[in-house]
Amino acid sequence: MGSYFNFFINYSHVRMKISSIQAQEILASGGYPTIEVIATLEDGAQGRASVPYGASAGTHEATVMTDGDMTRWNGKGMLRAIDNITQKIVPVVVGMDAYDQRKLDQEMIRLDGTPNKASLGGNAILAVSVAVANAAARSKKTELFAHIIDTYQTGVSLHTLPQPMVVAIEGGKHADETTDLQEYCFSAVRKNTSVVENVRMIMETYHQLAKVLKENKLSTNVGNEGAFAPNGIPSNEAPFGYMLEAIKRSGYKAGEEIGFSIDAAASEFYAAGKYDLKVEKRQLTAAELITYYESWLAKYPIATIEDMLAEDDWENWTKLKVIADKYKVPLIGDDLTVTNVDRLQRAIDSNAISAILIKLNQIGTLTETVDCCMLANRHGLMTTTSHRGGGETNDATMVDVAVAVGSAFIKVGPTRGERVAKYNRLMEIERIVNNK
Ligand code: PGA
Ligand code: ZN
């Protein structure tokens, strides 16, 4: 550790060829395969990547290519995407300069030739993109976040690091028979508190939440993201009450130290112009839903809201943004914007969001991810870099990206190895940056 200070060496005139790429299936957190790639450079430096995928993926995301061969993995194998790496990507990228990540990514985008990476698979392209970035950082003997800052000249100072946005209760597609909304998170909202302290405070509160749920005769079994997923929760509003009680019992101040972030993932309960709240046995129009949300903004210490409306319900996003602005609550686009500069630009032009969720696999290369974050930064939009619900891995690259682009938060679940790997990396980065 501490090698981050090599960041100050100027590598702009140095080249380092990619000498080999190896790709294989590994298991992701949901028990189905994903792709792992190991990239080796001519100096022997190696980098690894294993790519995640979502459970409630947006329609406009880059393609996650699966085999569809029902004799293996219920059709969810990834050998086709891996073949694309070995047969099509490797012949083009081996010999390319690993220090020129933009050129590498552009070459893979060109080779694919589709707007959503449908021909090679976003999963295939991203695995190579990220493995090479990790190898290049190793080769430069620097930290990945420093390599990203250097490569893209992001201008991020590292004085403030991303803070934890921890999923506490999950529902929607991430669990059975619970809330219609997908995520209720504890977010660190106090300024100038260390990541380590914020992680501790929030996790203490998460453990208090277990007690509160039990007292309310709700189970503390966990869902896809390692957050509580209680069956039989009485309404979509009920989690706020439990979470407020947990914050109080932990001795922290709601709104001043710990706030709430909600991700409705509303595309999942939207059909034919209505939002179907099954838990509450009612179907609402967008206008009615916005009124319902506004009652929460007025009552609870809400720090951010995300995907509160469906992914193509543009005009209602603009209406909700007016309300969110009134309460000074950032409105985050996720399925709406899918880490895509074109969709982000449309959201900026139509005044639909004030913040954006960032997921590398939504777009499929490191370069496009960073470009999206830079566009957000130029327009004063906050970024939150996020894990995936369906198939996560122990790869913590998303954390280094969050640091390198100056994200305000990382959104990750509270328990399970593939989740805590992200918080552990963020805490490690805090120690590296503070030279401890
Ligand atoms: P997903 O959910 O990874 O299952 O799409 C995470 C989110 O919507 O933020
Ligand atoms: Zn989301």
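Residues are numbered from 1 along each chain as its sequence is written, and chains are lettered from A and ligands numbered from 1 in the order in which they are written. In this predicted model, local features need pLDDT of at least 70 and side-chain atom pairs count only at pLDDT 80 or more, while totals for chains, interfaces and linings use all residues; side-chain values use heavy atoms, with hydrogens and water left out.

Strand S6 spans residues 258-263 (helices, H or I of at least four residues, and strands, E of at least two, are DSSP runs numbered from the N terminus). Six of its six residues are buried, so S6 is largely enclosed by the rest of the structure (buried means under 20% relative accessible area with a 1.4 Å probe, protein chains only). Ile258, Phe260 and Ile262 point one way from S6, and Gly259, Ser261 and Asp263 point the other way.

S6 pairs with strand S5 (residues 183-188) in the antiparallel sense over six bridges (pairing requires at least two DSSP bridges between two strands). Within S6, Ile258 lies opposite Ala188. With strand S10 (residues 302-306), S6 pairs in the parallel sense over four bridges, and Ile305 of S10 is the bridge partner of Ile262.

Helix H4 (residues 144-152) is mostly covered, with seven of its nine residues buried. These are Leu144, Phe145, Ala146, His147, Ile148, Ile149 and Tyr152. The buried residues of H4 pack against helices H2 (101-112), H3 (122-139), H11 (366-378), H12 (397-405) and H13 (417-433) (contact means heavy atoms within 4.5 Å).

Key
Buried means under 20% relative accessible area, exposed over 50%, partly exposed in between (1.4 Å probe, protein chains only).
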